[in-house]
Amino acid sequence: MTRETWINAALALGLLAVPLWAWVADEPFTITLATKVAILALAGVGLNIALGLGGLVSLGHAAFFGLGGYAMGILAAHAQNYTPLMEWPLVVEGTKSMPVIWLVAVIVSALTALLIGALSLRTSGVYFIMITLAFGQMLYYFAISWPAYGGEDGLSIYVRNGFPGLNTLDPIQFFAICYVLLILALAFSARLARSPFGLALNAARQSPQRVETVGISPYRLRLLAFVISGAITGLAGALFADLNRFVSPSMFSWQTSGEIMVFIILGGTARLFGPVAGAALFIFLEQALGGLSEYWHVHLGLLLLAVVLFARGGIIGTLAGQGARND
Amino acid sequence: MALPGKPLGEQNKLMTTILLIEQVLNGLQFGVMLFLTAAGLTLVFGVMGLINLAHGSLFMVGAFAAAAVAGATGSFILALAASLAAAAAAGALVEMLVIRRLYSRDHLDQVLATFALILIFSEGTRWLFGSFPLYLNIPTWLSGPVTLPGGIQYPLYRLTIIAIGLVIAGGLFLLISRTRLGIRIRAGESDREMIAALGVDISKLYTIVFALGAALAGLAGALVGAIQSVQVGMGEPVLILAFVVIVIGGIGLVKGALIGSILVGLTDTLGRILLPEVFKLFLDPSTATSIGASLATMSIYILMAAVLVVKPTGLFGAKA
Amino acid sequence: MKLKSLFAAASLAALATTAAADPVKVGMITTLSGGGAGLGIDVRDGFMLAVKQSGNTDIEVVIEDDQRKPDIAVQLADRMIQSDKVDILTGIIWSNLAMAVVPSATAQGKFYLSPNAGPSQLAGKGCHKNYFNVAWQNDNLHEAAGAYAKEAGYTNTFILAPNYPAGQDALTGFKRTYGGELAGEIYTKLGQTDYAGEIAQIRASGADSVFFFLPGGMGISFLKQYADSGVELPVVGPAFSFDQGILQAVGAAALGVINTSQWNKDIDNAANKAFVETFQAEYGRLPSLYASQGFDTANLILSAMAKADVADQDTFRAALEAAEFASVRGDFKFGPNHHPIQDIFVREVIQEGDVFANKIIGTALTDHGDAYAAECKM
Amino acid sequence: MTEPVLSIRNITKMFGALAASDNVSLDLMPGEIHALIGPNGAGKSTLIQQISGGLTPDAGSVHFLGRDVTGLDTVARARLGLGRTFQISALAMEDTVLQNAMLGALGAKGRPFSILRPIMRDKGLRQVAEAALDRMGLSTHHNTVTGELSHGQRRQLEVAVALTLSPRAFLMDEPMAGLGTSGTHDLTAILSNLRHEAPILLVEHDMDAVFALADRISVLDYGRIIATGTVDEIRAHPDVRRAYLGEET
């Protein structure tokens, strides 16, 4: 086993151990924080497929995070108010069932990613960063000014959605759901990286001409990566909305996109567990620094700067060595 | 519930030509202001290949410096000078401490490091100046409206902004096409090694270009600060708009930034005014106002996405 | 499960030996950093001033910064309820954050006392016996502005607000009491900084007055640009854009503007005089509307604590409902939906030496409740 | 009469007023190495790009295996069996040598959009990749990271990746560039054998290699083919000597 594998195992176990300890010690808020880490890490795992493996610097992944959130919010709000989602051409009811919500979140995010990706991937470099940002902003302003689902106020769901056989209101059980989904996504992501698609996508990041000359279209590879990436981030959005029992347009904001990206870089770009390490550190800092000073953003900024300038490869890169991948 | 008053349809007044001209002037003024911010951003990208998200913070630094100096001295001219100086100094400092380590990095590292700079600048400014907006106003000799030919009442200050912006745009074109600094900037855009071979101190050149861009952003901040609110976070919306502008025009091109600015300024201003009117043609006025306003908030992003889908490197960008 | 209860029992036993008296624990979630931090700081300072003046050591306040982000606010609420075990929550400035926090907090059996946000949902169908609003229902100040406009004889007002729920509520609230014709109705972009286009429309509309609701920096920008445009129609608005915190930034552009508020520093009563004086002495600045609301919220809690134990929820709630405290705005009582019934004043912006401030010139609405109370089934 | 594998007919490509390709026609016959030479700026790169699919000609056509491919992009032409190597190595530098070869095999024979089975366990693709690496003398470097290879080894890997495609024709852009004497010698020997598998259109600056390998040579100057013929014909051609070798005759 390489050093990185050990670090990954330690992270996976650590993320499990902390809430278990908190459960025993009756510290439910610590469990909530661990759940938040797991969900944000899941969003990061999604973005990492586009960003780390595919080299697609998307500053618009908040779009999928928000769509996932609104999939949950809209479905649950209709179920909560006993109003059907639509009545024509067929009656569709809302739902409070997590698996159904997840499925809808994933499908909606994937379809949107297909559309945004198909248009955005015509560009590259800075243009790609900015066009993805533009699509994110469109959805953000749409969500704010669209009155049907609360506009800027967002939607409050009074009771967390259900999962068959579990009591999702119990923090530890909800954590378990998120943790399992995170581990599944990590396993999927690891398998994807070793698959033919992963090899080709990774090569397309390094040398698109090469991939073309062996008869594979980089555009299609990237589009599929973008769709998978968006779908996973959308799933995370649905969970995040369920964690807060609330969804609002701030999930669509460009700062959200920036933060998801921050997790990845903090943890280590293209590292399997990078988003996990990054999200954990981010939440820890938010709690630790936020208590110390009103101006904790200054400290966060300095730390981020230090990581980018001096600790390339993020936490995992620094601990596991092997140099940063972009050299 | 039934609302008192007559239906809104009756207020759907005829858009007179005068109103339309005034709105075009407004769009132009907004565009010129955007140009001042976008010019620095696009220069820095063109010459150094750097994406600087912290450019909006320099805009804010200019506005705060102007407000502080105007408060202390009462002079608007001194305040503008201070905005230039403070933003240039902040820009040069940041370039030397942080930015120059980023030139060789990929866009991702640049985005992140400059995102971190935003956090530092914003909270640092709040720490220095507090959470309440500062006061900066139009000097009396520039305040109030003037009457233009055709009877249009238009604020003198906004006309001044248009004039200053156009003068600076002209100066920038001259600087780039006629001066030694400009030659070096153009050389730096095309070939960094060549310019180093010419014996130009490239790191000094980069600092100067960065400070120049910062100074322009700072000036824009001060000019706009007098008619808007000088507060922490004022830079970010402008930053996003400036990016939209340079991406539409083609990144790295001052000409692209100018055309992009005017286009965005006009789209935004006219979209806000015209879209609700357009929807009123086939929807009831209240819904039309709401839908039109919603669409107007998205209009520049729709414009940008449309431009990029058709021309993936912007209107004037070379093929990648 | 066995293991867990064993541990829980042990830790409870450890706690029980230290917990002798039952202090009231208040969790304050408010905006202390980023945009809009000024409002949260004022609420906090007003609140803490009241706590300090009371000398009551049985009240413990936990203060956290929500950064104006709904998800952070929800998590802070979770933490305060789950870990800090607070009895009362308060502090939230923004309606969207309140909508995120309040329903679940009250559902978990906590009291929530709002020092600012008063979204209509929580006043109507979504009201709750444990939710009290000590400031106003969101529509109140706009309704007062409408009433003023009617009384002032305006018949053709141009109205504008940002395109988001509070903005839509603002225009609805204004229209509810106004009654005249509208020269135009515009929704602007949230966070918009340039209003040249809107001002040109106002100029062309033939209006006789302007009503706007543009909170924070948006209002500053609008007023400065409006003052410079040469349009000289009278302007009416809710207090938010003319409050002490931002009035200095608007400057002379605001002079003479009419705005509506349930409080001002010149309201003539002993509590208010003392409040304005001590606030200035403590913090070195004039108190704002938000500070007064924080101050009243703390005093309401203190008044209830004097009469009841917070553990006895029904008695404590009754004590809150009675609202027997000296409000700085004078008469104050709760309506059936736990929202204020109070006078709303008309203020005018004046200059006092170097400082811009407000002066009360009349009363727009007397003993005013809100339009949603009837929908509330508590 | 044998059909040409690759046939370029009257291609013209303008950049502004400059004709980068001026009515160029060229054939690649089965079993031959056809060298394309010309001074810098003669339009070789532009021509190669139009053949591989990176650029579309303004006029004229490209036929490959009897089929008009003028409107097809690089990917489609590669799938038809056009194997290309680059002047400047375009390899996945962070990946291992074997992974680069696997990519070629995947493109030609695998399913690049399969996301489940680990590719390195695909025995069929692996055989193809390893065979190609063996032929190019890279059998001891399977797990070396490509970025760590020497310049010559990268050239060999370029050709190996092209081999995994089992192409019907090779398009090689200066494969000898930057190779030492022994490297050039080795590669010359390999290419010489390769022509029997598939013909090679060879763009090359190294005249010794060209004269050693080529069955036919075409000379490009100012976007035009000024001569086509055998090695000896070209050596003797006065226009070529003047334009290309810079001789005054």
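Colleague: As what does D:N23 count, with its 14 C-beta neighbours inside 10 Å?
Modeller: This is a predicted model, in which local features need pLDDT of at least 70 and side-chain atom pairs count only at pLDDT 80 or more, while totals for chains, interfaces and linings use all residues. Residues are numbered from 1 along each chain as its sequence is written, and chains are lettered from A and ligands numbered from 1 in the order in which they are written. A residue is buried if 20 or more other C-beta atoms (placed from the backbone) lie within 10 Å of its own, exposed if 12 or fewer do, and partly exposed in between. With 14 such neighbours, D:N23 therefore counts as partly exposed.

Colleague: Where is D:N23 placed in chain D?
Modeller: D:N23 has a positive phi of about 55° although it is not a glycine. Helices (H or I, at least four residues) and strands (E, at least two) are DSSP runs, numbered from the N terminus. By that assignment, the place of D:N23 in chain D is residues 18-28, strand β2.

Colleague: What phi does D:L65 have?
Modeller: D:L65 is found in the loop between β4 (59-64) and β5 (67-68) of chain D, and with 15 C-beta neighbours inside 10 Å it counts as partly exposed. Although D:L65 is not a glycine, its phi is positive, at about 55°.

Colleague: How are α2(A) and α9(A) directed relative to each other?
Modeller: Axes are lines fitted to C-alpha atoms, for helices over the stretch in contact, and angles run from 0 to 180 degrees between N-to-C directions. The axes of α2 (residues 28-53) and α9 (residues 218-244) of chain A come within 8 Å and cross at roughly 170°. Angles under 35 degrees count as roughly parallel, over 145 as roughly antiparallel, 65 to 115 as roughly perpendicular and the rest as oblique. The two helices are therefore roughly antiparallel.

Colleague: How many nonpolar residues does the contact of α2(A) with α9(A) have?
Modeller: Two residues are in contact if their C-beta atoms, placed from the backbone, lie within 7 Å, and residues including A:I39 and A:L42 in α2(A) meet residues including A:I232 and A:L239 in α9(A). Ala, Val, Leu, Ile, Met, Phe, Trp, Tyr, Cys and Pro count as nonpolar, Asp, Glu, Lys and Arg as charged, and the others, Gly among them, as polar. By class, this contact has one charged and four polar residues, and the nonpolar ones number 17.

Colleague: Which residues does B:N26 touch, not counting those up to four places away in sequence?
Modeller: B:N26 is found in helix α1 (residues 17-48) of chain B and is buried, with 28 other C-beta atoms within 10 Å. B:N26 and B:T269 are 243 residues apart in sequence, yet 7.0 Å apart in space, C-alpha to C-alpha. The residues that B:N26 touches are B:T269, C:A196, C:G197 and C:A200.

Colleague: Between which chains are the most contacts?
Modeller: Chain B and chain D are joined by no contact, their closest C-alpha atoms lying 12 Å apart, and no contact joins chain C and chain D either. By comparison, 46 residues of chain B are in contact with 42 residues of chain C. Among the four pairs of chains that touch, the most contacts are between chains B and C.

Colleague: What share of the residues of chain C count as buried?
Modeller: Chain C has 13 helices and 13 strands. Its radius of gyration, taken over C-alpha atoms, is 21 Å, close to the 21 Å from the globule rule (2.2 Å times the number of residues to the power 0.38), so chain C is as compact as a globular protein of that length. Of its 378 residues, the share that count as buried is 63%.
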